[in-house]
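Hi,

Here is the structure I promised to pass on.

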Amino acid sequence: MLKTFSKGGVHPAENKLSANSPIEILNIPEVVFIPVNQHLGAPAEIIVQKGDKVKVGTLIAKQTGYISANIHSSVSGTVQKIDDVPDTSGYNRKAVIIQVEGDEWETNIDRTDKLVTEIPYTSTEIIQKISESGIVGLGGATFPTHVKLSIPDGKKAEILIINGVECEPYLTADHRLMLEKTHEILVGTKILMKALNVSRAAIGIENNKPDAIKKFKSIIKDYPSIEIVPLKVKYPQGAEKQLIKAIINREVPSGKLPIEIGAVVQNVGTAYAVYEAIQKNKPLIERVVTVTGKKVLKPSNLMVRIGTPIKNLIGYVGGLPEDGAKIVNGGPMMGKAINSLDVPVTKGTSGIVVIPQKEAERSEVLNCIRCAKCVSVCPMGLEPYLLMTYGEKQMWTEAENDKVMDCIECGSCSFICPAYRPLLDYIRLSKTTVGKIIRSRKL
Amino acid sequence: MNQKLIVSLSPHEKGRDSVKSIMYGVIFSLIPAFIASIYFFGLDALIVTLTAIVTCLVVEYLIQKCLLKGPITVFDGSAIITGLLLAFNLPSSIPLWMVIAGSIVAIGVGKMSFGGLGKNPFNPALVGRVFMLISFPVAMTTWPANRLTLPDGYTGATPLSIAKEAIKNGEPVSQIIAKVGTSLNHFVGNMEGCIGEVSALFLILGGLYMLYRGIITWHIPVFIFLTVFVFSGTLHWINPDKYLSPEFHLLTGGLVLGAIYMATDMVTSPMTTSGMILFAIGIGVLTMIIRIWGAYPEGVSFAILIMNAFVPLINKNMKPKRFGEEVKNG
């Protein structure tokens, strides 16, 4: 029996249309828009000015405070201006706009394909370098990686879990990366193990990617402390707490971080970025993005420079289909719908999914028929139907007592609801309000 | 590329089940049992069932149209289910005006007075049935012949009522069993009873289909059966002459219909697995108490309605086990 998490979960249609499309390199655009707020935490502080010349890999914005990340130029050229541009959230954010000229890289970056396996650095050096390279969690949450690797006093990491689950429908960026950069991911994993000072690592991969599992297994003997764990397909297995539960059968306590039970989770994309940063000196300036959708002519996996407008990606795959009503940045279960194609790709953009009109529209909301499906699919053991009512009636105390803050916003409840009730919308409302109440209490 | 894009919050995917698909799934699963009933009880069964369904639809439509003045949702399938299940709980010889009265109560009082689908605390079909049982006791307990047991035109009695009467008269159970047929007969539907309750075989088939479709979970039916089995089995083991065997209790009367179709009604059953189990045990125990010591030979309807009343309390106190809740220190 394959491992998986025990509580709840759903099975959306996989629609992995681009699974067999190798990663292609997208042309560098003429202008890039690099927002300073691409990560969880404080925005980076811009250190370049209009007219400055930059190369690929030049630091253009510095992290401010501990939970923040550096940002590097993804192209060579001239800083045209610093301005507010709309990002994937729909809000305007400060961004460095660079006019591209050629493709000149910082000289210390190793651009060859040669696999470097030696890791002659200490844990502190690795974490320092990761921090300098601006690496954040590439699964979509974009939490600064150096923060996740710095274990708080009194805690100890026992196992590193590499997330190769990619449980979102449509997305195949991690899948392709695992197939094409298998060695690099394994070396990246070893680097992360060294940074965390752990002797065990497991790479969790859902069973719908047998080729990736096979590829890893064929070379895993060279990496004795890393284990490949095939997992039964179930959404949201890529969620941190569910993945830990699936692999080591331990539950992260409510309100706590995984390190509480000795686990640290990193995405395969992050492991690859870490490899490139440590072994190749390459900061995080590009990433793999799946561009797909049922009506898209050529669903693809593209290696894209950060800051490339999404319309360039859409153009590459055959243009926006006639029937393309909604465009999601990320996967269709947790991604955000964007309101403009001018929005740039950021560090957290794992996919661009074009959704046809019929699927993009929400259906009319009906009465709750108390079928309890939302309760049975909730991976956190919550009662979405009740939390929605609390949100509607503004019953914040009750919402807090019934653990609304535990919600991971996976959307399984809204997905399964036969009455099309917007459960997660109201749960988000409750989370925001209850979060504010909790914070004000601490003051 | 400047067309307007739809922006909404995640998730952007939708599961395939809708209220309608669930309701029509239930109806579909009832078809085999319905056909069997028409075979057992003849055209009467068909007429009673159609009368109940049509009345339920009309009453719901009129209330939505004239009283609530809101959206008309009569074809979401739920009123058809109420009509079907109400008819399944009636003898086929019942006068049609009584069926109409029962259907009006089922939809009007049992469902719409609370606000319609999803808001009713009690199973509407059972509200209708119990109303009829109390109002028309004779018609409700006059059993037409099942084609398999008696010639047409005769009336009989259900195995449960025969047994209850006989036990009261002090007859030993072994003699009673000889009178009411074997468990295999009961399993197939070879006995007197309500239109849709007699054939455990087809009801279980329908239940399996609903399980496969994810419309019901196994917990409520299985725990009702288990409770009835243990309860009646214990008594039967203590005094086999006075108490009927567990298989007799499981296969006769409305237990199978009640456990698979009435107790599992989404609207009126608990939301958590632990709650469903408690709810099912309650139904099993109450059914046995009514059957063995109560005034009526059959108690499933009352048992379910009584437990329906406990559902809000169960939901309030039987919470699902939260993820990360029971982690010990370290």
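Below is what turned up, going from the chain contact down to single residues.

One thing to keep in mind: this is a predicted model.

Let's start where the two chains meet. On one side 52 residues of chain A take part, and they are in contact with 31 residues of chain B. If you want to find that side of chain A, look at strand E15 (326-329), strand E16 (336-338), helix H13 (412-416) and helix H14 (423-442) of chain A, which each give two or more residues to it. Sorted by class, the chain A side has 32 nonpolar, seven polar and 13 charged residues.

Now to chain B, which is split into domain 1 (19-140) and domain 2 (157-317). Taken over C-alpha atoms, the centres of these two domains of chain B are 21 Å apart. Their contact uses 31 residues from domain 1 of chain B and 29 residues from domain 2 of chain B. On the domain 1 side, two or more residues each come from helix H1 (19-41), helix H2 (43-68), helix H3 (78-88) and helix H5 (124-135) of chain B. H1(B) gives the most to that side, with 12 residues. The class count for the domain 1 side is 21 nonpolar, nine polar and one charged.

Next, the inside. The largest nonpolar core has 220 residues, and Ile161(A), Val274(A) and Leu313(A) have the most contacts inside it. H1(B) turns up again here: the largest share of this core, 10 residues, comes from that helix. Take Val274(A) as an example: leaving out residues up to four places away in sequence, it touches Ile130(A), Ile135(A), Gly188(A), Ile191(A) and Leu192(A).

Ile130(A) leads us to helix H1 (residues 123-132) of chain A, whose buried residues are Ile126(A), Ile127(A), Ile130(A) and Ser131(A). Looking down the axis of H1(A), these buried residues fall within an arc of 135°, so they line one face of the helix. The general rule is handy here: an α-helix has 3.6 residues a turn, so residues three or four places apart point the same way. What do the buried residues of H1(A) pack against? Their partners are helix H2 (145-149), helix H4 (182-196) and helix H7 (268-280) of chain A. Just after H1(A), have a look at Gly134(A), which takes a positive phi of about 70°.

There is also an open sheet of three strands in chain A, in the order E3-E5-E6 and with antiparallel pairing. Strand E3 (45-46) and strand E6 (71-72) of chain A are the edge strands, each pairing on one side only. E3(A) pairs with strand E5 (residues 59-62) of chain A over two bridges, and Glu45(A) has Lys62(A) as its bridge partner in E5(A).

Finally, two residues of chain B to compare. Are Val256(B) and Tyr209(B) buried or partly exposed? Val256(B), in helix H13 (residues 255-262) of chain B, counts as buried because it has 28 C-beta neighbours inside 10 Å. Beyond its neighbours within four places in sequence, Val256(B) is in contact with Ala200(B), Leu203(B) and Ile204(B). Tyr209(B) sits in helix H10 (residues 200-213) of chain B and counts as partly exposed, because it has 18 C-beta neighbours inside 10 Å. The cut-off for buried is 20 or more.

Cheers

Note on methods:
Residues numbered from 1 in each chain as written. Chains lettered and ligands numbered in written order. Predicted model: local features only at pLDDT ≥ 70, side-chain atom pairs only at ≥ 80, totals over all residues. Contact = placed C-beta atoms within 7 Å. Helix = DSSP H or I, 4+ residues; strand = E, 2+ residues; numbered from the N terminus. Nonpolar A, V, L, I, M, F, W, Y, C, P; charged D, E, K, R; others polar. Buried ≥ 20, exposed ≤ 12 C-beta atoms within 10 Å, placed from the backbone. Arc of directions from axis to C-beta. Pairing = 2+ DSSP bridges. Domains from an automatic or database assignment. Core = buried A, V, L, I, M, F, W, Y, C linked by C-beta atoms within 7 Å.
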